[in-house]
Amino acid sequence: MNVDVGMSRIMKKPTTTALLLACAFTLLMGCRSSSEETGEKTGAQAYSDTASHADPYLEYTYAQRRGRALYVHYCVLCHGPEGRGDGLNADALDSQPRDFTDSTWMAAQQDTVLWEMIHQGGRGGERSILMPSYAWLLTEDEITFIVAYIRLFSE
Amino acid sequence: MDRLYRIYAVSSILLLIVLVSSPLKDHLKAWRRIQRRHNRTLRDLPQRENPIPIGLKQIWVRDIDRIDRCTTCHLGMKNRQLAGAPLPHRTHSKIYHDVDEFGCTLCHGGQGLATEVFDAHRSSESWEEPVLPKRYVESTCGRCHINEDLKETPVLNLGRKRIHELKCMACHDRPGAQSVITPTLDGIGSKVKDREWIIRWLKNPKALRPHTRMPNFMLTDEERKNLSDFLMQFIAFPDDATLEPLPRIYGLRKDNDDFIASGKTLFRESPCTSCHALEGQGGQLATDLDEVSSKARETWIYNFLKNPQHFQPDVEMPQFGFSEEDRASVTAYMASEFLDWDRPEEKSTAESSPYTVEQGQALFYQYNCVGCHQLSGMDTVQNRGPEHTFIGSKRIYQIWFEETEIPQTLHNYIDTKLKTPRVFGETMRMPEFQLTQEDRQAITCLLLSFREETLPNQFIKRGPSPSVWNPQGTMGDIVQKYSCLKCHPVKEDGGDVAPDLSIVGSRLKPDWIERFLREPVSRRPLIEERMLNLELSENEIQTIVDYFGSVLLDDGLAVPIVWRPSREAQERGRRLYWEAIGCQGCHMIDGHGGYVGPPLDDVGGRLQTGWMLHWLLDPQKYIPDTIEPKSGMTMPEALDVVAYLMTL
């Protein structure tokens, strides 16, 4: 009835049509999000703007970094800088220090086993007493850090 | 009227759409999605937990007026079960401060008020400080723990050490910088054989001496010649010191093989390589001695050995008590052996003239050589670089990135500058230090911690200021002459390569000290640096032993009772040593045992009993970073072990 007539009459008025189109256009603009903006604001770029460097040391977690500092100070003379058990002191020992690059052996040990070994020394795992007990020297967290670090040798 | 109704209807529908779109956008926000995902993760855990109510979460730290909304997404921070979950649900690694008292952004940077991931983590035009990359996170520890070397901040500690060794304060002022001894260039014209050596050195210092700290200034050939012309003008030594002529015996016997051989023996036994490295082997406390005779004239070497401080005031080389003949033989040995055999014969032919000297002086000023090298007449003009006092607070608009492609943040700028200093412009003067990546990371971390701080005082915790040990009288003269503090720490002053002498009178027996000072025999297998054979006079030895025995003591280590251990105690101690504790892992007795600690062959005659006892009970009490583990032995066990050691 009046509807068709009404609508066609509106459409004939250029200013109203223009206004309506303008509103619709603005609304659509507001909802727009270009893919490039999305990419930058939600992808991996959203978190960090520095590319990863070649040196894996820079990507260590805090635990691994602390563990490395402790290992280099206390462990490296017997266990070697790469964890192979070939430190400067290794020749002088009756039983050889553990090789941490042995991935099969390392995978078979739980973190708690390694932790106890450092905490109680050789006695902790029924091994040679030449591995001292660090229970009195290192805190529990520090031993956890060292375990986190030596895991890296077998990766 | 119908038309009006139509317009009204259409515009109402449009308005409704607009009204609905705003709460819809809020409902579809990323953080809500993350929180719902977190709740799903909690539900699937082995130990099921209650879901967290959905909503914005924040930490409001009133003391520093910060509001951090990081916990809106990082919900699993304190939940131990989520240690292996992906970010942002993961547990936070061990934190040393209460999060509710410090917030998150104080330590990590970033925009705490933001709830969108980009706005919170990245730098933009409206918020310059991004979340710090993991490798620089210790820099914020340094904001409050100023000059304090904590064991929890290994990267920061390394940065402090390197920045001191590399003498960055020669050009850049920074807080807490301690001045270091700078070699003077006065008299260099009389010291070197000719300007060729200076020209070669300036081309690439590390190529000639691997352990040098002098960086590469990347000068052109002409600049190097001009600078060497300028330096060769300085023929007067400081304080009017003059070079004595070489003794007659030198002229007579310098080509004699036996003379040279005796010089070589003295060189080996002093031992000079304890401080000076040769061909990469030896200590790094002093300059490398490779090719030193291609550099310096024999007269200079002889005179320097006689009295180092005469020609280089404040140098730490001790004055060896050589006789004239001995000194001449060492000089002859060095003159015959420490030459550059591959040296190219052709010399640069460019003439020196007042013009080139003036050009050299301009270069000396341009590169601020006087920051490291004293030179009379040039000390008053310094051409320093920018201050580092607040470099961690530098704004991006203050940095000129030239045309480099690096992301424009402060930490990227500092790191790139340390790697390739002159990439940011042609007028840059900073030399190249050829640092390893680890050193660069440590120094960047430290520089980022120098900020213009607006934190309240209760947050700031300054480290101890350096102490100075300055004995007076005869002992003071001895310490000055022989530079004991170069290697030995005493009362928290001094070097760190030799044993601490703060309580040496309570640690070592006086007879042993006397024998040792007469003829030092190195005890420790693994160390490069050895005690020097200084040829002390009897008076000097007596003064030192008396001083140690009466001043450098710890009364807590005296054993008040006269104690004669029984045979059973000695036997128990022996079994403890070899079978229970396993001391032979690190210590050698009669050639059997490890290399880590000093051999214990005559420890009964060397160490005081009280010291042995207290050391075994708690080594870290006396030397905090010693490798010897505290073994947890009880007092009776310790007494038994000491009884055994006293028999050795």
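How many residues does helix α2 of chain B have, and how far does helix α2 reach from its first C-alpha to its last? Helix α2 (residues 30-43) has 14 residues and reaches 20 Å. That is close to the 20 Å expected at 1.5 Å a residue. The expected span is 1.5 Å times one less than the number of residues. Helices (H or I, at least four residues) and strands (E, at least two) are DSSP runs, numbered from the N terminus.

This is a predicted model, in which local features need pLDDT of at least 70, side-chain atom pairs count only at pLDDT 80 or more, and totals for chains, interfaces and linings use all residues. Residues are numbered from 1 along each chain as its sequence is written, while chains are lettered from A and ligands numbered from 1 in the order in which they are written.

Trp31(B), Gln35(B), His38(B) and Leu42(B) are buried in α2(B). Because they cover an arc of only 55 degrees around the axis, they sit on the same side of α2(B). The arc is that of the directions from the helix axis to the C-beta atoms. An α-helix has 3.6 residues a turn, so residues three or four places apart point the same way. On the other side of α2(B), Arg33(B), Arg40(B) and Arg43(B) are exposed. A residue is buried if 20 or more other C-beta atoms lie within 10 Å of its own, exposed if 12 or fewer, and partly exposed in between; C-beta atoms are placed from the backbone.

**Backbone features in loops**

| Cis bond | Omega | Loop holding the proline |
|---|---|---|
| Leu87(B) to Pro88(B) | about 0 degrees | between β2 (66-68) and α3 (99-102) of chain B |
| Ser270(B) to Pro271(B) | near -25 degrees | between α13 (257-269) and α14 (292-295) of chain B |

Now for phi. Asp239(B) is not a glycine, yet its phi is positive, about 55 degrees. Asp239(B) lies in the loop between α11 (221-232) and α12 (248-253) of chain B. Asp239(B) counts as exposed because it has 10 C-beta neighbours inside 10 Å.

Glu535(B) is not a glycine either, and has a positive phi of about 55 degrees. Its loop runs between α23 (510-518) and α24 (538-550) of chain B. With 16 C-beta neighbours inside 10 Å, Glu535(B) counts as partly exposed.

**Confidence**

pLDDT is the predictor's confidence in each residue, from 0 to 100. Chain B has a mean pLDDT of 88, and 98% of its residues reach 70 or more. Within chain B, confidence is lowest in strand β4 (residues 461-462), at a mean of 82, and highest in α24(B), at 94. For the complex, the predictor gives an ipTM of 0.71 and a pTM of 0.79.
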